[in-house]
Amino acid sequence: MQRQETNGEWQGLWEQYGPRLLLFARQQTAHDGDAEDLVQEAFVKYWRARRKQPALPPTLMFRMVKRTAIDRARKAQGREQRERESQLLAGEPTTWFAHPVEDQERQEQIDSALRALPAHQREVLVLKVWSDLTFEQIGETLDLSPNTAASRYRYALNQLRKILTPAVV
(Lines give C-alpha, C1' and ligand atoms only; values in the text may rest on other atoms or scores of the structure.)
Protein backbone atom coordinates (compact mmCIF):
# COMPACT_ATOMS: atom_id res chain seq x y z
CA MET A 1 0.00 0.00 0.00
CA GLN A 2 1.36 3.40 -0.95
CA ARG A 3 1.76 6.04 1.70
CA GLN A 4 0.09 9.38 1.00
CA GLU A 5 2.36 12.36 1.44
CA THR A 6 0.92 15.52 2.94
CA ASN A 7 1.69 19.01 1.73
CA GLY A 8 3.33 19.69 5.08
CA GLU A 9 5.78 16.82 4.63
CA TRP A 10 6.78 18.02 1.19
CA GLN A 11 6.98 21.61 2.27
CA GLY A 12 9.25 20.60 5.14
CA LEU A 13 11.39 18.53 2.80
CA TRP A 14 11.62 21.46 0.39
CA GLU A 15 12.50 23.92 3.16
CA GLN A 16 15.24 21.61 4.44
CA TYR A 17 16.78 20.59 1.11
CA GLY A 18 15.73 23.24 -1.44
CA PRO A 19 18.49 25.80 -0.72
CA ARG A 20 21.16 23.08 -0.43
CA LEU A 21 20.07 21.48 -3.70
CA LEU A 22 20.10 24.86 -5.42
CA LEU A 23 23.62 25.61 -4.24
CA PHE A 24 24.75 22.20 -5.48
CA ALA A 25 22.92 22.65 -8.79
CA ARG A 26 24.69 25.98 -9.32
CA GLN A 27 27.94 24.02 -9.46
CA GLN A 28 26.54 22.06 -12.41
CA THR A 29 25.26 24.94 -14.55
CA ALA A 30 26.25 28.28 -15.93
CA HIS A 31 23.04 30.10 -15.01
CA ASP A 32 20.90 30.34 -11.89
CA GLY A 33 17.74 29.70 -13.91
CA ASP A 34 19.14 26.41 -15.19
CA ALA A 35 20.10 25.45 -11.63
CA GLU A 36 16.56 26.14 -10.46
CA ASP A 37 15.22 23.94 -13.27
CA LEU A 38 17.57 21.12 -12.24
CA VAL A 39 16.42 21.31 -8.65
CA GLN A 40 12.76 21.32 -9.62
CA GLU A 41 13.22 18.38 -11.96
CA ALA A 42 15.17 16.40 -9.36
CA PHE A 43 12.60 17.16 -6.66
CA VAL A 44 9.77 15.91 -8.91
CA LYS A 45 11.74 12.76 -9.82
CA TYR A 46 12.38 12.11 -6.15
CA TRP A 47 8.70 12.67 -5.30
CA ARG A 48 7.62 10.18 -7.96
CA ALA A 49 10.24 7.62 -6.93
CA ARG A 50 9.33 8.00 -3.27
CA ARG A 51 5.70 7.11 -4.02
CA LYS A 52 6.98 3.68 -5.11
CA GLN A 53 9.75 3.44 -2.49
CA PRO A 54 8.85 5.50 0.62
CA ALA A 55 12.17 4.70 2.33
CA LEU A 56 14.30 6.58 -0.23
CA PRO A 57 16.67 8.96 1.56
CA PRO A 58 16.23 12.65 0.72
CA THR A 59 19.95 12.91 0.00
CA LEU A 60 19.22 10.96 -3.18
CA MET A 61 18.01 14.28 -4.61
CA PHE A 62 21.63 15.45 -4.85
CA ARG A 63 22.42 12.48 -7.06
CA MET A 64 19.32 13.22 -9.12
CA VAL A 65 20.46 16.82 -9.59
CA LYS A 66 23.88 15.58 -10.75
CA ARG A 67 22.40 12.98 -13.13
CA THR A 68 19.92 15.46 -14.57
CA ALA A 69 22.75 17.92 -15.15
CA ILE A 70 24.83 15.29 -16.93
CA ASP A 71 21.89 14.32 -19.12
CA ARG A 72 21.23 17.92 -20.06
CA ALA A 73 24.91 18.55 -20.79
CA ARG A 74 25.07 15.59 -23.12
CA LYS A 75 22.06 16.88 -25.03
CA ALA A 76 23.25 20.46 -25.29
CA GLN A 77 27.05 20.73 -25.39
CA GLY A 78 27.00 23.46 -28.01
CA ARG A 79 24.41 25.48 -26.13
CA GLU A 80 26.42 25.16 -22.93
CA GLN A 81 29.51 26.58 -24.64
CA ARG A 82 27.53 29.58 -25.91
CA GLU A 83 26.07 30.13 -22.44
CA ARG A 84 29.53 30.11 -20.84
CA GLU A 85 30.74 32.67 -23.37
CA SER A 86 27.70 34.87 -22.79
CA GLN A 87 28.19 34.65 -19.02
CA LEU A 88 31.72 36.00 -19.42
CA LEU A 89 30.39 38.89 -21.46
CA ALA A 90 27.54 39.53 -19.01
CA GLY A 91 29.82 41.06 -16.38
CA GLU A 92 29.45 40.54 -12.65
CA PRO A 93 28.72 36.93 -11.66
CA THR A 94 25.91 36.24 -9.24
CA THR A 95 26.87 35.24 -5.73
CA TRP A 96 26.63 31.65 -4.53
CA PHE A 97 25.18 32.45 -1.16
CA ALA A 98 21.47 32.74 -0.42
CA HIS A 99 22.03 35.27 2.37
CA PRO A 100 24.27 38.32 2.09
CA VAL A 101 27.47 38.23 4.07
CA GLU A 102 27.97 41.22 6.36
CA ASP A 103 31.19 42.18 4.64
CA GLN A 104 30.55 42.47 0.89
CA GLU A 105 34.26 42.48 0.10
CA ARG A 106 34.81 39.22 1.98
CA GLN A 107 31.85 37.65 0.20
CA GLU A 108 33.38 38.59 -3.14
CA GLN A 109 36.72 37.10 -2.05
CA ILE A 110 35.04 33.83 -1.05
CA ASP A 111 33.01 33.69 -4.27
CA SER A 112 36.17 34.28 -6.28
CA ALA A 113 38.10 31.66 -4.31
CA LEU A 114 35.34 29.08 -4.83
CA ARG A 115 35.28 29.79 -8.55
CA ALA A 116 39.07 29.31 -8.65
CA LEU A 117 38.79 25.73 -7.35
CA PRO A 118 38.67 22.86 -9.83
CA ALA A 119 35.05 21.80 -10.41
CA HIS A 120 35.53 18.34 -8.88
CA GLN A 121 36.85 19.88 -5.63
CA ARG A 122 34.22 22.62 -5.57
CA GLU A 123 31.39 20.06 -5.92
CA VAL A 124 32.62 18.03 -2.95
CA LEU A 125 33.17 21.15 -0.84
CA VAL A 126 29.65 22.45 -1.50
CA LEU A 127 28.09 19.07 -0.74
CA LYS A 128 30.08 18.70 2.49
CA VAL A 129 29.93 22.23 3.89
CA TRP A 130 26.62 23.68 2.68
CA SER A 131 24.62 20.48 2.11
CA ASP A 132 25.98 18.68 5.18
CA LEU A 133 26.40 15.34 3.41
CA THR A 134 28.73 12.62 4.65
CA PHE A 135 31.64 11.51 2.48
CA GLU A 136 29.74 8.29 1.83
CA GLN A 137 26.70 10.26 0.59
CA ILE A 138 28.95 12.51 -1.49
CA GLY A 139 30.58 9.43 -3.00
CA GLU A 140 27.19 8.02 -3.92
CA THR A 141 26.10 11.33 -5.41
CA LEU A 142 29.21 11.81 -7.53
CA ASP A 143 30.03 8.14 -8.22
CA LEU A 144 33.25 8.29 -6.16
CA SER A 145 34.64 6.33 -3.29
CA PRO A 146 34.17 8.03 0.10
CA ASN A 147 37.98 8.25 0.35
CA THR A 148 38.21 10.12 -2.95
CA ALA A 149 35.48 12.49 -1.79
CA ALA A 150 37.39 13.11 1.46
CA SER A 151 40.63 13.72 -0.44
CA ARG A 152 38.97 16.21 -2.78
CA TYR A 153 37.48 17.97 0.23
CA ARG A 154 40.90 18.27 1.90
CA TYR A 155 42.48 19.52 -1.33
CA ALA A 156 39.71 22.11 -1.70
CA LEU A 157 40.18 23.35 1.87
CA ASN A 158 43.95 23.63 1.35
CA GLN A 159 43.42 25.58 -1.87
CA LEU A 160 40.96 27.93 -0.16
CA ARG A 161 43.44 28.53 2.67
CA LYS A 162 46.12 29.48 0.16
CA ILE A 163 43.79 31.75 -1.78
CA LEU A 164 42.11 33.43 1.19
CA THR A 165 45.11 33.81 3.51
CA PRO A 166 46.62 37.25 2.99
CA ALA A 167 50.25 37.19 1.94
CA VAL A 168 52.65 38.79 4.41
CA VAL A 169 54.89 41.30 2.67
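Helices (DSSP runs of H or I, at least four residues) and strands (runs of E, at least two) are numbered here from the N terminus. On that basis the protein chain has eight helices and zero strands, and its elements simply run α-α-α-α-α-α-α-α from the N terminus on. The model is a predicted one, so to speak of local features takes a pLDDT of at least 70, side-chain atom pairs count only at pLDDT 80 or more, and totals for chains, interfaces and linings use all residues. Residue numbers start from 1 along each chain as its sequence is written, and side-chain values use heavy atoms, with hydrogens and water left out.

Some totals for the chain come first. Buried residues (under 20% relative accessible area, with exposed meaning over 50% and partly exposed in between; 1.4 Å probe, protein chains only) make up 35% of the 169 residues. With contact taken as heavy atoms within 4.5 Å, 61% of the contacts between residues at least 6 apart in sequence join residues at least 24 apart.

Two packed helices are described by the angle between their axes and the distance between the axes. Axes are lines fitted to C-alpha atoms, for helices over the stretch in contact, and angles run from 0 to 180 degrees between N-to-C directions. Helix α6 (residues 119–129) and helix α7 (residues 135–142) pack at about 135°, their axes 10 Å apart. The two are therefore oblique to each other, given that angles under 35 degrees count as roughly parallel, over 145 as roughly antiparallel, 65 to 115 as roughly perpendicular and the rest as oblique. Their crossing is right-handed, meaning that the near helix is turned clockwise from the far one by less than a right angle, with anticlockwise being left-handed. On the α6 side the contact is made by E123, V124, L127 and K128, and on the α7 side by F135, I138, T141 and L142. Sorted by class, that comes to five nonpolar, one polar and two charged residues; Ala, Val, Leu, Ile, Met, Phe, Trp, Tyr, Cys and Pro count as nonpolar, Asp, Glu, Lys and Arg as charged, and the others, Gly among them, as polar.

Side chains of opposite charge can pair when their charged atoms come close. With a salt bridge defined as a side-chain nitrogen of Lys or Arg within 4 Å of a carboxyl oxygen of Asp or Glu, the count comes to six. One of them pairs E123 with K66 at 2.6 Å, N to O. This pair links distant parts of the chain, E123 in helix α6 and K66 in helix α3 (residues 60–75), 57 residues apart. Both E123 and K66 are buried.

R67 pairs with D143, the closest N and O atoms being 2.5 Å apart. Here too distant parts are linked: R67 is in helix α3 and D143 in the loop between α7 and α8 (146–164), 76 residues apart. R67 is partly exposed at 35% relative accessibility, and D143 is partly exposed at 45%. Salt bridges that share partners also join E41, K45 and R72 into one network. Within it, K45 and E41 come to 3.7 Å between their closest N and O atoms; they sit four residues apart in helix α2 (residues 32–52), and so about one helical turn.

Most residues other than glycine have a negative phi, and most peptide bonds are trans. D132, not a glycine either, has a positive phi of about 60°. D132 is found in the loop between α6 and α7 and is exposed, at 56% relative accessible area.
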